[in-house]
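Subject: Structure for your files

Hello,

Here is the structure we talked about. My notes follow below it.

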Amino acid sequence: MSNPQFVPRKQELQLKSENTSLFLKIIIGIAVFIFAITLSGVLAVDSMITNWNKSILGSVTVQIIPPSDLNWEKSSAAALAMEEKAVEFLRSVNGIIKVTPLSDEQLAELLNPWLGDDVDISKLPAPRIIDIKIDTHANIDFDQLSKDLATVAPNASLDNHKLWLNKLIAFADGLKMIATTILFLVSAITSGAIFYTTNMSLGLQHSVIEILHIIGAKDTYIAQQYAKHMGIIGFIGGIIGILFAIPAIFFIGSLASAIEGGIISETSLKIIDWLFILALPLFSCLIAMVTTYYTVKQTLKKML
Amino acid sequence: MLKSKENIIEMNNVGIRYDQGPEILSNIKLSLPKGSFHFLTGQSGAGKTSLLSLMYLAQKPSRGTISIFGQNIDFAQRSQLASFRRRIGVVFQDFRLLEHLSAYDNVALPLRVCDMDEREIKKRVTEFLTWVELDHHMYDKASTLSGGEKQRVAIARAVINRPDILLADEPTGNVDNIIAGKLMKLFVELNKLGTTVVIATHSEKIIRDFRYPRLHLQNRGLHVYYPADTSFLGDINV
């Protein structure tokens, strides 16, 4: 080939021909796949907690257990009487916006999943339930309110849902911590694979690097060629991982939404979450570039 | 910048050994003034290539000190070494071209590592490859060139940056007498323009035809002969 109009510049380091490229693309693809699934899990748990918080914010429940030492008619009547007193008291408390005692029909509807259609709830010692809406900005002392309520209606107990929510949040936090550890480990393993592959490549390219040094190339010149090459591998590996991860996330989501009870089904990834996940190839590209750049710089320092 | 009478390379009590072996060069003392021209001679295995490699900063001595462009390399920063190397042109005995690159890209290398504009690179590379009569092989891969053609590409690469020092290891070893003469004239021209030149050679004819001082390696030491007086002059102090 003589005197063509345009000949693309070839890179001095023959990195594309190294057979470690495919290995790294697969490793990075797997890492990004795990990363995407775990990240979507973390984001979904976050969304779940937010939904739970929203749903119970400003909501308190009072439960009145019918006295057990009476027959059911007297017991029901006592429970109803305590309910009336409790409602009257609660309506007088500052910061409480709405007090709604649940009717027998509403109670029956709540218990229906456990007892079925054939049971007459009025014949059962079912507790009375009062639903309370409070001003979210009001500073209510729930311990004091609970004590005051007990003087009016001794069998009444107050539940502001904090206890079970805190347990769920602690569980979710545990999941998030495990997920974060996985993300860290996946990043570390990927960086390690890039580190060793780069070092191996530096060995293979030693004679070319020596010539580049002798003609005056600075370490950054060589490191940039490596970083560019590894950045492309990181991006392609990331795209491969994401292509497998997206259907997997939808599949896991469909399994979660099939669970009855309305807890897990409340989880959904927002657009910003999807943007995070779809940006993972850029992240893997960045990790590959930075790891490679500093690996090359550190290794070349040992050469003259 | 160095003043004209300053030494461009200085070596003091320099020794080289590989691994735990014996020293192949011992107590080398050398001062090369800016703008000088020297032949480097010695039998095969005398250490010519090793001495040259010290000069182009490819290795450090096992002992002693080397100063280049007035700077002791032991105290030079890493980036400074790269800057020094850009001012040194090297022609290797085995060419050391990047075989997968074209003649053009090989010659362009010293300019590219300096981030020179590609248009300026094209102008200069074309000029130099035409000068070494390889313009018709400009875009041929180095691996497809003959030994003599590779030699000329290596020379073009070494001088394209207009170096302050030109170090050549057997530069005429793979070319015929006519091209060898032309190459030597190039080196002389470069020397007249201020480039300090050291040429390792076995060719007595070249040494005879171009009457420059001769650095001779013998018994692990360095000795100097001047063309007018070929008697042994003891340890070098050029």
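**Helix packing in chain B**

Helix 3 of chain B passes helix 5 of chain B in a right-handed crossing (right-handed if the near helix is turned clockwise from the far one by less than a right angle, left-handed if anticlockwise). The model is predicted: local features need pLDDT of at least 70 and side-chain atom pairs count only at pLDDT 80 or more, while totals for chains, interfaces and linings use all residues. Residues are numbered from 1 along each chain as its sequence is written, and chains are lettered from A and ligands numbered from 1 in the order in which they are written.

Helices (H or I, at least four residues) and strands (E, at least two) are DSSP runs numbered from the N terminus. The axes of helix 3 and helix 5 of chain B come within 7 Å and cross at roughly 25°; axes are lines fitted to C-alpha atoms, for helices over the stretch in contact, and angles run from 0 to 180 degrees between N-to-C directions. Helix 3 of chain B is therefore roughly parallel to helix 5 of chain B (under 35 degrees is roughly parallel, over 145 roughly antiparallel, 65 to 115 roughly perpendicular, the rest oblique).

From helix 3 of chain B, B:Ala103, B:Asn106, B:Val107, B:Leu109 and B:Pro110 meet B:Val153, B:Ala156 and B:Arg157 of helix 5 of chain B; contact means C-beta atoms, placed from the backbone, within 7 Å. This contact has six nonpolar residues, one polar and one charged. Here Ala, Val, Leu, Ile, Met, Phe, Trp, Tyr, Cys and Pro count as nonpolar, Asp, Glu, Lys and Arg as charged, and the others, Gly among them, as polar.

**Sheets in chain B**

An open sheet of six strands has the order 6-7-8-3-9-10, with mixed pairing; strands pair if DSSP finds at least two bridges between them. From one strand to the next the twist averages 20°. Strand 3 (residues 37–42) and strand 9 (residues 214–218) of chain B run parallel and are joined by four bridges, and B:Gly42 has B:Leu217 as its bridge partner in strand 9 of chain B. Helix 5 (residues 147–159) of chain B lies across strand 6 and strand 7 (165–169) of chain B, at about 170° to strand 6 of chain B.

Another open sheet in chain B has four strands in the order 2-1-4-5, paired antiparallel. Strand 2 (23–33) and strand 5 (71–72) of chain B are its edges. Helix 1 (residues 48–55) of chain B packs on this sheet and touches strand 1 (7–17), strand 2 and strand 4 of chain B.

**Chain A and the interface**

Chain A is divided into domain 1 (20–54 + 165–301) and domain 2 (66–154), with bounds from an automatic or database domain assignment. The centres of the two domains of chain A, taken over C-alpha atoms, are 52 Å apart.

Helix 5 (residues 162–204) and helix 9 (residues 280–301) of chain A pack at about 45°, with axes 9 Å apart, and are therefore oblique to each other. The contact of helix 5 with helix 9 of chain A has six nonpolar, nine polar and no charged residues.

Between the chains, 25 residues of chain B are in contact with 21 residues of chain A. Helix 2 of chain B gives the most to the chain B side, with five residues. That side divides into 13 nonpolar, five polar and seven charged residues.

Regards

Terms used. Contact = placed C-beta atoms within 7 Å.
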